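Visitor: I would like to go through the charged pairs in this model. Please set each value against its cut-off.

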Amino acid sequence: MPPIKTLRKLKLVIMLTCFVSMDGMCQDTLRLNLLQADSIFLIKNLSLLSQQFNIAASEALILQARSYPNPIFTADVNAIDNENNKIFHVDNTGQKAFGLEQLIILGGKRKTEIEIAKQNKSVAESEFSDLLRNLQKELRNSFFNLYQQRSVLEKYHRQLQLLDTLIGSYDIQARRGNVPMKDAIRLKSVYLKINNEKAALASLHVEETKKMQLLLQSPYYILPGIDNLFFDKLKVTSSFDELLETAIKNRPDLKIAEEQVTLSGLNSRLQHKLAIPDIIATTSYDQRGGAFQNQINAGLTIPLPLWNRNRGNRRAADFYLKSSVAYQQQARMIVETDVRGAWQNLLRSMNEYEKIKAIYTDDFDQVFQGININFKRRNITILEFVDFFEAYNESLTEYARVKTQLAIATGEINYVTGTKIY
């Protein structure tokens, strides 16, 4: 029996074949636009759900930090009275003693521990935002990669259908001696080349589909739906300085670095406060074992900070604070370089899209149809047809690549700024 992964991949290939050959009308196909995909992702992604549980756990630890230490009750009763030959002699003539202890925390340690718990919750929330930012980038990239691959696969399919018809006709004419056999072989070589490219792209499409299914927790074949004017709406709307300012305010990874500085500062304060000893207040009752009958006592217990003043932990916490500050400064530099790189990439992608859009017009398809007709009428040679066919095929693939590159570049702006600009 084939492995589960092999069966899953085979199922995706079958679905893809059905999709390409029947214009996507498979039963297991789910057509989504980007907004719908994002909505499903927010609801069903298990990584996000797991991180939300971490936030809930951090909130529970705040409740725990607010809890004061429990008092300790002790009881001491007579077990064997050899003098009076009694067991558990605890009545008015026997012996029993009770005690109560309560730890009293000094130096503001409890307050600091509560602040640390709250800060840990803030870090968990920022980690959730950072995970969301990373997964949404992955979702957007996968969505547009699927769209590009689907578009190219459809064009490959139509071209192969056309070539298949021409090859069948040329085989007949070659056997009759009306056309050279080399022309039929030349067409077959073009067919094989395009078919190989289609097979390689179909394999990538299967892997990208698996990635999208995992992000959406969906067993269906995802069919991205994009409006024809979508790419024309992707414009540069902000300057580099505006994007950098937005990123500094909103990047969750930068917030994590800043919150780690705060957390390290709180830990340093706590370690210094731990050098302050706490006291234990006690009260006790002793029926007959003390200096007096029915003796009631009260007392205090306090450790003397002679040998251990928490010096090592205090020094380590101070170094951790310095390390956090250095990491925060590094994180800010990373944000600036990320924004600059994404900004430059967006400008380049926008220029490429504008140029190729001006070059690639409806004339391409009209000329392609004209070339096909003239080739069938033998008004052009096989070499002219093949050269144009291959050039046309490359232009379609390049046009799809540039559009996807632009969409991913705008998504990168969302990623590096931590906001949804596009």
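Visitor: What makes glutamate 115 and arginine 269 a salt bridge?

Guide: This is a predicted model, where local features need pLDDT of at least 70, side-chain atom pairs count only at pLDDT 80 or more, and totals for chains, interfaces and linings use all residues. Residues are numbered from 1 along each chain as its sequence is written, and side-chain values use heavy atoms, leaving out hydrogens and water. A salt bridge needs a side-chain nitrogen of Lys or Arg within 4 Å of a carboxyl oxygen of Asp or Glu. For glutamate 115 and arginine 269, N to O is 3.4 Å. So the pair qualifies.

Visitor: Why does this pair tie together parts that are apart in sequence?

Guide: Glutamate 115 lies in helix H4 (residues 109-175) and arginine 269 in helix H7 (residues 252-273), so the parts they tie together are 154 residues apart. Helices here are DSSP runs (H or I, at least four residues), numbered from the N terminus.

Visitor: Why is aspartate 183 called buried?

Guide: Buried means under 20% relative accessible area, exposed over 50%, partly exposed in between (1.4 Å probe, protein chains only). Aspartate 183 has 11%, so it is buried.

Visitor: Which label does lysine 182 get?

Guide: Lysine 182 has 58% relative accessibility, so it counts as exposed. Lysine 182 and aspartate 183 form a salt bridge, with the closest N and O atoms 3.5 Å apart.

Visitor: How do you know that glutamate 207 and lysine 210 are separated by about one helical turn?

Guide: They are three residues apart in helix H5 (residues 181-216).

Key: Helices (H or I, at least four residues) and strands (E, at least two) are DSSP runs, numbered from the N terminus.
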